[in-house]
Amino acid sequence: MIESTYQSTHAVHDEVVLAGDHWVHEIKAGQTFRIEDLEGNQAADTLFYNAHDPEERYSASDTIRVQRALYLSTGTKLISNRGRTMLTITADTCGRHDTLGGACSRESNVMRYAFDREPMHACRDIFIRGIQCWCHDMNKRDLACNINFFMNVPVTPEGGLSFADGVSGPGRYVEMKAEMDVMCLISNCPQLNNPCNAYNPTPVRVLLWE
Amino acid sequence: MSLDSPIFQLELEGAGMWSRVIGRNKTLRLTDLEGGANVGMMLYHATERHERYNMPDTLKGQHIFYLRAPYCLHSDMGRLMASITKDTVGWHDTVCGASDAESVLQQFGENNYQKSRNEFYRNARECFLIELCKWGLGERDWIPNLNWFSKVVADEEGKLSYVAGNSKAGDLVELRFEMDTLVVLNTCQHPFDPAMTYQPKRVRLEVFANDPPMDGDASLMVRPENARAYQNTKDFYLLSE
Ligand SMILES: [Zn+2]
C-alpha cells in the first residue's frame, strides 16, 4: 500500500463516472492519473491506447510476461502489445487489481449465467460506445483484454480461479503515471449478476494532475 | 470414437509457424516429439475474424487458471471454438503470452540470418504477426495466446514460476473444433522457458475427422457454461448454414 502525495484540489481534471457509463480521455506523458473507488468494490474496466497510434494498446499477456506476476499494484508497468511501458502504477491503497478477468459482455453473460441475461447492460457495449465517441476508425477488433481496477480474481497454486469479494473499499484508489501519450477508455461496470459488488454497481472518480 | 487415420499430417520444426482453417467436426492432435515443446496458438472464427479466442471468458467461464481435458476454448462471443478431448499432459498455459525479439536477444544472444542462415533465432511475436498478416490480420487482432505443453503456476501473491519437465516426448493434446476456426501457431519456446540455449522443439500436427459430440460429452458437461456456449455455437450454424 503506497499513498499518493497529490491533492484533489490541485487536479487539472476531476470527474465522476457513473456506473454503466463510459469515459474516454487523453492522458499526456508525464501526467498522473487516479481512479478512486467511491463506494467500494466497484469494477473499473479500463483500456489504454497509444493516443497517436491506437494499434498500440494495453496488453494483458505482455504485462503478465514482463512482470512475471498476475496482479497489478504499485510498481507494476502496464505494457503494450509492442512490449513498451504505457503507464506505471505509482500509488495504490487497494493492494491488488485484476488483469485476467476481462470485461462482461451480453454474449458472455449468456454463457456465464443464463440465456435470459442477454438484454442486460454490459461492459463491452459500453466500450463500443466509448470508441465510437473517440472517432477513430475503430471497432470490436480494437477491444483488447482490459484491466479490472479494484477487482480481486485470486488464482490458487493448484490453478483454481474465482471472483472473490473485493479487497477494495470506499475511497480506495490507484494512481499511475503515463510514460507516453495515452487514450484511456473506462467502462464503469454495470454487472448485476456478480456478488462481488453486492449486486449494486456504483460510481468511480477520475482525477488528473500535471 | 477412435481417430486412427489422419486426413492431414505435418511435422513442424522448432520455431516453425503454421496457419490454416480447420473446420468444425475435425480434431487437431499436437504431439510433443522430443519433450519440452511449446506451441503458441491464436484462434479466430474462420469467416467472422473479429470473433476470437478469449482467455478471460475461457478462464472465468470454467473457474480455472490453466487448460486441460475436458475443458474448452471459448470465443469472445459466448460461443465454443474447441474442446480439449484428449490430453496426456494435464496443464497448458494461456496467460503468459509470447516471446519477442528483445526477450530472445536477452536470453540467447544475437543470431541473425546473415550469420546462421535458417538457424537464426526466431521469436513467437514475429511468427504470429507474419502468419496473421497472411489472413489480413495484424496487431489489432493481438490476443493472449495459448501455450500448449507449458506449465506456469502462481503463488499466493500472484508471482509466476515456470515448471520444467511438464511435457515428455510422445505427450499429446487433442482439440475438437466446434466452430470453423482459423488456427495460427508457432513452436517457439515459452517466454518463461529458462533454458540457457536456444532449443525450440519439434511438434507433429495431425488432423482427423470426428463425429459431432454426443449427449453427455465430457467437455460440454464439465461446466454448465460450456453447454450454454455450445448451444450458442449450434444456434450460429443453424442460422448461417
Ligand atoms: Zn462489466
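Biologist: Which helices each supply at least two residues of the lining of the largest cavity?
Modeller: Helix 1 (60-67) and helix 3 (123-134) of chain A do, together with helix 1 (55-62) of chain B. Helices here are DSSP runs of H or I with at least four residues, strands are E runs of at least two, and both are numbered from the N terminus. Please keep in mind that this is a predicted model: local features need pLDDT of at least 70, side-chain atom pairs count only at pLDDT 80 or more, and totals for chains, interfaces and linings use all residues. Residues are numbered from 1 along each chain as its sequence is written, chains are lettered from A and ligands numbered from 1 in the order in which they are written, and side-chain values use heavy atoms, with hydrogens and water left out.

Biologist: Thanks! What counts as a cavity?
Modeller: On a 1 Å grid over the protein atoms alone, a cavity is a set of points where a 1.4 Å probe fits but cannot get out, and lining residues have an atom within 4 Å of a point. Grid points are joined across faces, edges and corners, and the volume is the space filled by probe spheres set on the points.

Biologist: OK, how many cavities of 30 Å³ or more are there in the whole structure?
Modeller: The search finds four. The largest cavity holds about 350 Å³ of space. It is lined by 28 residues, and the closest to its centre are A:Leu143, A:Ala144, A:Cys145, A:Asn146 and B:Asn54.

Biologist: What's that lining like by class?
Modeller: There are 13 nonpolar, seven polar and eight charged residues. Nonpolar means Ala, Val, Leu, Ile, Met, Phe, Trp, Tyr, Cys and Pro, charged means Asp, Glu, Lys and Arg, and the others, Gly among them, are polar.

Biologist: And what volume does the second largest cavity have?
Modeller: About 180 Å³. Its lining has 19 residues, with A:Ala43, A:Met151, A:Cys189, A:Gln191 and A:Asn194 the closest to its centre.

Biologist: Switching topic: how many residues of chain B are in contact with chain A?
Modeller: 48 residues of chain B are in contact with 45 of chain A, contact meaning heavy atoms within 4.5 Å. The two chains bury about 4,000 Å² between them, 52% of it on carbon and sulfur atoms. Buried area is the accessible area (1.4 Å probe) that two parts lose on being put together, summed over both.

Biologist: How many salt bridges cross that interface?
Modeller: Five by the rule, which asks for a side-chain nitrogen of Lys or Arg within 4 Å of a carboxyl oxygen of Asp or Glu. B:Asp100 and A:Arg65 meet in a salt bridge at 3.1 Å, N to O. Over all chains the count comes to 31.

Biologist: Last one: which residues does the cis peptide bond join?
Modeller: B:Ala69 and B:Pro70, with omega about 0°. B:Pro70 lies in the loop between helix 1 and strand 5 (72-74) of chain B. Over in chain A, A:Asn41 has a positive phi of about 55° although it is not a glycine. A:Asn41 sits in the loop between strand 3 and strand 4 (44-50) of chain A.

Note on methods. 1 Å grid on protein atoms, 1.4 Å probe; cavity = no way out; pocket = protein on both sides within 12 Å on 5 of 7 lines; lining within 4 Å.
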